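Here is a short note to read beside the model. Please keep the structure open as you go through the points.

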Amino acid sequence: MTTKRLIAMIALAVLAVAVIVFAVREIRLYGDVQVEQSRTPTPVPGYGNVMQVTIDPSLPTPVPVLRSGAQGEAVWQLQERLQALGYLTGSVDGQFGPATKEAVQLFQRQHGLTADGIVGEDTRELLYSDSAQPYATPTPAPTQAAQVTEAPAADDMILLTAEAENTIPVGFTADGLPLLVNRDSPLPDDYQPQQLVNMRDYCDSSIVNIKGSEIEGEQIAVDALLAMLTQAQSEGLTSWQISAGYRSVAYQQKLFDDKVYSYRQQGMTGAQARSAARKLVAAPGCSEHHTGLAFDITVPGTSFGGTKQAKWLEEHCWEWGFILRYPADKTAITGITNEPWHFRYVGADASMEMRETGECLEEYVERKQSEQQ
């Protein structure tokens, strides 16, 4: 091999190495440019170079703690769930009021949670899980069984008029008429219940469930109520529940204020809210519940109106001295929207006569007063 040929081969080798080095350098440079470009913020129309941030959809969305005074979609869903399980018998309105709190407490007690009426993480998790149990009527303790008074027979209650010698019967006026309580005829200032009984202690839970542990009623009316529901049960109508009984004026004030507040939140003026509230909630001092003779009778999980139980009561309640206090066709007279669950004890004489005449209590009292003049 000649010297010239050897030099040529060396030159070619050096050139090849130089080409390879140049190519590697270019590849690295191109990669650095791509990385830098990937770090450059993506332009967002109207906002310049703003870094776009993508939120991981798998991250949990914060859920607020629900308590008295809360309102909105979360409360609406809560009420629907409680109603489906039988803990809430009232309406679903998106307002966390006393009825919703009591329903939450019932759920918490039945599931061994702290009964504070607040829907926190533990309560929410259990409430919406498959482990949530429907409302179960509590079984009275053995010590309570002795306190249960046997209800009078239905036939005896038909003739019951709540008369008492030398005294004015509870819920009646001096002239023997059922006491009329409405916005035009407030409860007399000196009115006092005579014999209130705790209905959860007094009533047989196999006949009727008492929703609240503090619900009370006048004994004469509670006895008639038990007799009536016992008869209904014998005819195959069960699942009775008492959602309300006696109410103090102070508690009625709270219910009225809560309803006014809910209307104010909808944009009504104070006057508009109070006017609308009076159609659904009696003003303090003007509620039938102050007498201890009125009861809200319901069936858990229903709105009650239109149920077999509601139809049976409307047809037969007079036999035990009760009336459907706010019929749909008497709203213009009573001033209260139809409440198919609200029944008032007026005694057998009055209920029988009102059944025959088709009168509501306002009409009955007005006619009887005119006849006595």
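1. Buried means under 20% relative accessible area, exposed means over 50%, and partly exposed lies in between (1.4 Å probe, protein chains only). Arg-367 counts as partly exposed, because its relative accessibility is 22%. Glu-371 is also partly exposed, at 49%.

2. This is a predicted model: local features need pLDDT of at least 70, side-chain atom pairs count only at pLDDT 80 or more, and totals for chains, interfaces and linings use all residues. Residues are numbered from 1 along each chain as its sequence is written, and side-chain values use heavy atoms, with hydrogens and water left out.

3. Arg-367 and Glu-371 form a salt bridge (3.0 Å, N to O). The term means a side-chain nitrogen of Lys or Arg within 4 Å of a carboxyl oxygen of Asp or Glu. The two residues sit 4 apart in helix α14, so about one helical turn separates them.

4. Which residue does Glu-362 meet in a salt bridge? The partner is Arg-325, at 2.8 Å from N to O. Glu-362 lies in helix α14 and Arg-325 in the loop between β8 and α12, so the pair ties together parts 37 residues apart in sequence. Both residues are buried.

5. Now the whole chain. There are 14 helices and 9 strands. Of the 373 residues, 39% are buried. The salt bridge count is 12.
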